[in-house]
Amino acid sequence: MTKAERIRAMTEGRPVDRAGISGWLHMPMVDRCVKDFTKATIDFTDNMGWDFVKLMSNGHYFAEAYGAEIRWRNDPKEWSGEILRYPARTAEDLAALAVLEPEENPVFRREIEIARNVCAHYKGEVPVLATIFTPLTWMQEMMRSTVPGPALQMMAEHPAEVHKALEALLETNKKLMDRMIEAGVDGFFVSTQWACGSLISKAQMDEFCHPYDKELMRYVKDRTWFNMLHIHYCEDLKFEEFRDYEGIQALNWENCTKISDMSRLTSIRTVREMYPDKVLIGGIDQHNDFHNADNDREAIKDVLRRRLLTALEECGDSRFIFAPGCALPLDVDRYVFTLMQEVVLEEGVV
């Protein structure tokens with residue numbers, strides 16, 4: 001089977017020849033250069049044998065498009081820039097966020113061109129997913145990258161302005177998705193950082209997440225065939241909240257990251273029982289599985305083998321892609337990631 005045939009068969013519930021495999025990592029030294037990022041993405045995909053491409057746009061690209069002042073770092077192990085001025089600092093700023101036209105914005109034009117180049121290279125043989133965040137996740141990035149406090153305060157104190165911001169970000173997302181589909185992407189990696197029950201309440205999800213997220217996914221339903229919901233963070237994830245999301249074929253989350261109370265993780269078995277029709281993507285603790293004090297490849301490979309076998313047993317079927325729960329680490333030689341392919345070819349054949 002080709003990679004696209006394998007993934008499409010998974011989404012349709014048909015037999016496959018083996019488990020899938022993929023991974024993604026930040027590329028901070030090249031991710032704002034069309035030529036270099038295109039080449040780096042293709043090289044990484046081919047060297048690792050991934051079954052799909054997740055375009056790893058820099059995590060600030062929406063804030064960048066909205067005019068954030070960013071000091072980019074020159075450390076290849078540090079993906080994030082230092083945001084010196086955010087696009088939204090007050091409720092009035094949120095209400096004033098505009099709907100952006102991708103063709104008129106150099107940041108969005110860059111991301112579209114990268115997607116077009118990668119899709120043209122693979123010609124449909126390897127699925128390509130563009131990276132999009134949910135509207136509330138983008139709003140957080142407009143205010144304080146990866147830090148939920150300011151957004152939570154705005155939800156509590158200025159809900160009307162928050163809704164105006166979410167409407168603008170939703171429409172901008174949709175316009176960008178139009179252009180990405182025209183560029184040839186097969187689907188979207190849709191990331192939410194608002195699925196943790198200890199962070200956001202059910203009432204807040206119902207008001208500020210679900211209406212916008214669902215509209216986003218309805219918008220591309222039947223226009224794309226492989227959309228992946230990345231449920232960020234690892235503890236107390238509210239998977240039951242996404243059962244009626246349309247247009248989602250796959251779920252990705254951190255199922256085995258080491259935390260103080262491992263019972264707060266969500267197992268592959270639990271998600272399979274809840275979502276019998278979805279492709280499940282995960283199985284690897286990206287924080288720990290690739291590090292070994294003796295730099296012993298066989299020891300690392302053995303850890304990955306056990307991860308794969310455990311994941312396949314919990315999944316109970318072949319609709320599974322062996323992958324990290326989030327971005328792969330930047331402090332590991334990329335050669336080490338080829339061990340993922342080795343164990344899948346040895347243990348993941350159906």
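This is a predicted model: local features need pLDDT of at least 70, side-chain atom pairs count only at pLDDT 80 or more; totals for chains, interfaces and linings use all residues.
Local features need pLDDT of at least 70 and side-chain atom pairs count only at pLDDT 80 or more, while totals for chains, interfaces and linings use all residues. Residues are numbered from 1 along each chain as its sequence is written, and side-chain values use heavy atoms, with hydrogens and water left out.

A cavity is a set of points, on a 1 Å grid over the protein atoms alone, where a 1.4 Å probe fits but cannot get out; its lining residues have an atom within 4 Å of a point. Grid points are joined across faces, edges and corners, and a volume is the space filled by probe spheres set on the points. The model has 2 cavities of 30 Å³ or more.

| Cavity | Volume | Lining by class |
|---|---|---|
| Largest | about 80 Å³ | 10 nonpolar, 3 polar, 1 charged residues |

The largest cavity is lined by 14 residues, and Met-27, Thr-41, Phe-44, Lys-54 and Met-56 lie nearest its centre. Two elements, α2 (34-48) and β2 (53-54), each give two or more residues to this lining; helices (H or I, at least four residues) and strands (E, at least two) are DSSP runs numbered from the N terminus. The largest share, 4 residues, comes from α2.

The second largest cavity is lined by Thr-134, Val-190, Asp-213, Leu-216, Met-217, Leu-229, Tyr-245 and Ile-248. Helix α9 (residues 202-220) gives the most to this lining, with 3 residues.

Definitions and conventions:
On a 1 Å grid over the protein atoms alone, a cavity is a set of points where a 1.4 Å probe fits but cannot get out, and a pocket is an open set with protein on both sides within 12 Å along at least five of seven lines; lining residues have an atom within 4 Å of a point. Ala, Val, Leu, Ile, Met, Phe, Trp, Tyr, Cys and Pro count as nonpolar, Asp, Glu, Lys and Arg as charged, and the others, Gly among them, as polar.
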